[in-house]
Amino acid sequence: RQIVVEGTELNRAAAEDARKKNLTVYSNSLSVLVKTKTGLYDVVCSFQVLEHISDVREFIQDSVSLLKTGGAMIVGVPNNDTFIRFARDPFLNMPPHHMGMWNESSLRAMGRRFGLETETVYFETLPDYHYRYYYDVMFGDKLGFFGKTGAVGFVGKVVNNTIYECIGRFVIMARAKHIRGHTIVAVFTKK
């Protein structure tokens, strides 16, 4: 059986880069693709996309329309039930960057709302490239040096970096498999 993979990317430069690698990438929204590709796909995926969408209803409706009956929709988003909800300055997790905040409950509710069966929900464990982010959110920011200037700020940064390098990184590394990471992935089936 031949596997055909297609994608859509609204960033024209990124879409062109993908095409140079012989990938089939459209520069259209899903609502344009639905006009010619309704019920065509076995799987529709969006990873780290849904949180940026202002019209979630249209996006999900279009994603479901692209699926065959029995097809799978796979959605990966930042899990707002993890350490990221404790970030002191969560500017990148707020509008206009992130239009919505997702967790297991909201993903399951979305599935029910659109007549999808939730097959499974996966929780990422803390990847090594997020150790420092996790440390800063859960411990480093709480040391009281954040935002200080001058000698106090400098000493604070030195203390914070020393604690992270001497203890924090190793403690996090030892516990990483038990810490929920940044991303949650839900797998749905179209009824």
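**View 1. L92, out on the surface of a predicted model.** L92 counts as exposed because its relative accessible area is 62% (exposed is over 50%, buried under 20%, with a 1.4 Å probe on protein chains only). You'll find L92 in the loop between β4 (67-78) and α4 (104-113) (strands are DSSP runs of E, at least two residues, and helices runs of H or I, at least four, numbered from the N terminus). Past its neighbours within four places in sequence, L92 is in contact with H97 and H98 (heavy atoms within 4.5 Å).

View 2. E51 sits in the loop between β3 and α3. Leaving out neighbours within four places in sequence, the contacts of E51 include H97, H98 and W102.

**View 3. β3 at the largest pocket.** β3 gives the most to the lining of this pocket, with 7 residues. In total, 35 residues line the largest pocket, and E6, G7, T8, V44 and C45 lie nearest its centre (a pocket is an open set of 1 Å grid points, over the protein atoms alone, where a 1.4 Å probe fits, with protein on both sides within 12 Å along at least five of seven lines; lining residues have an atom within 4 Å of a point).

**Notes.** Residues are numbered from 1 along each chain as its sequence is written, and side-chain values use heavy atoms, without hydrogens or water. In this predicted model, local features need pLDDT of at least 70 and side-chain atom pairs pLDDT 80 or more, while totals for chains, interfaces and linings use all residues.
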